[in-house]
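Here is a brief report on aromatic contacts. Please look at the sequence and the fold first.

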Amino acid sequence: MSQIRMEAYSMIAEADKAQNLEKFLKFMEESAARGTKLVLFPELSLTGLPENLSMARPLPEFSEYFHGNAELVPEGESVQKLIEKAKALGMYASWSMTSRDREGRYRNTAVLVGPEGYIGKYFKQNPAGTESFQMEAGHAECPVFDTPIGKIGLLICYDKAFPEVVRKMKLEGAEIVLAPTAWPGMDRRLDKLDLMMQYHRWSGTSCALENGVVVVDANHASPSGATTGPEGGHSRIIHPLKGVVSETGWEEGYAAAELDPQAAIEEYYSALGISKEAHLQRLRTAQARFEKRKLLRDAAGVNIRFYARAGAAFVSNLPSALQWRIRTARAGKQ
């Protein structure tokens with residue numbers, strides 16, 4: 001396999017799917033003119049993000065926005081236009097969007113298309129904040145797609161904080177992992193002291209270094225002048241041995257690198273003095289350990305949520321309950 005040029009866009013997505021689609025098509029043409037073979041756009045960058053989206057308040061208008069802009073994949077109009085553009089330009093493109101199926105389920109979905117047309121999709125497994133109020137989580141499937149430029153796995157944003165996701169992809173043969181992301185910062189004036197940005201970087205870099213894969217990580221950009229709570233930017237391309245080899249800042253732009261994914265992985269094994277099979281065996285052992293403990297963790301999580309919900313319901317109703325106890329007590333004495 002020879003080197004390929006790949007780009008991770010850091011872009012501002014509007015609350016307007018048609019406008020975002022035009023931006024995608026424009027960026028793809030510009031990337032193709034630079035000789036790029038693979039482009040990645042951020043999480044939900046086709047759908048767009050509704051104004052004042054909150055990860056703490058599950059307001060009905062957020063669900064209405066995401067559901068109203070959802071499409072079937074790959075039959076949807078926007079997806080079909082991107083398929084045709086990828087074919088025309090001879091390039092691979094990936095992004096995340098809200099999808100719906102014929103049973104009425106809505107999911108945060110990463111889509112991969114290329115010169116051969118529609119390649120595949122992946123459903124986000126780990127919703128963040130209130131996202132689970134708007135979209136259903138995907139199951140444990142981590143598909144890997146075999147393409148002429150390499151074997152490609154997909155994840156979405158918060159998924160990269162869970163080691164088993166990329167580990168399963170690596171065990172299925174993944175060489176490139178695409179990570180469309182919508183990762184906020186705390187305050188861009190903190191620069192490298194912004195802990196959310198460091199977590200964003202740490203999670204993506206760990207996926208590459210632990211599993212010996214190339215990671216392409218694309219995040220939403222921050223509008224000029226925004227300071228607190230902006231989308232964090234810092235899209236990047238991560239080499240399995242060298243770490244981050246190209247990165248954007250907070251603003252709109254793209255990170256680019258020319259890599260031979262297979263050669264990068266071979267360099268990883270050579271430098272570490274370990275064979276591919278020995279590494280995979282370690283990952284299989286780690287995954288088996290994870291699966292063994294998962295049932296206990298899930299059971300603990302269910303109980304924690306159960307008692308937390310009961311406690312929250314009790315606290316929220318306590319003023320009303322006390323009020324009625326007092327009123328009925330007074331009435332009983334009369």
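## Overview

The model is predicted. It holds 9 aromatic pairs. Two of them are described here.

## F24 and W95

The ring centres of F24 and W95 lie 6.2 Å apart. Their planes meet at 65°, so the pair is edge-to-face; the cut-off for that class is over 60 degrees. F24 sits in helix α1, residues 17-33. W95 sits in strand β3, residues 92-100. The pair therefore ties together parts that are 71 residues apart in sequence.

Both partners are buried. F24 has a relative accessible area of 0%. W95 also has a relative accessible area of 0%.

## W183 and Y199

W183 and Y199 have ring centres 5.3 Å apart. With planes at 85°, this pair is edge-to-face. W183 lies in the loop between β8 (176-181) and α6 (195-211). Y199 belongs to helix α6.

Buried or partly exposed: which applies to Y199? Y199 is partly exposed, at 36% relative accessibility. W183 is buried, at 4%. The cut-off for buried is under 20%.

## Cluster and charge

Ring pairs join Y9, F24, F27, F41, W95 and Y254 into a cluster. F24 and W95, the edge-to-face pair above, are among its members.

A charged side chain also meets a ring. R107 lies over the face of F123. The distance to the ring centre is 4.5 Å.

Technical notes. Residues are numbered from 1 along each chain as its sequence is written. This is a predicted model: local features need pLDDT of at least 70, side-chain atom pairs count only at pLDDT 80 or more; totals for chains, interfaces and linings use all residues. Side-chain values use heavy atoms; hydrogens and water are left out. Rings of Phe, Tyr and Trp (its six-membered ring) pair if their centres lie within 6.5 Å; planes under 30 degrees apart count as stacked, over 60 as edge-to-face and the rest as tilted. Helices (H or I, at least four residues) and strands (E, at least two) are DSSP runs, numbered from the N terminus. Buried means under 20% relative accessible area, exposed over 50%, partly exposed in between (1.4 Å probe, protein chains only). A charge sits over a ring if NZ of Lys or CZ of Arg is within 6 Å of the ring centre and within 35 degrees of the ring normal.
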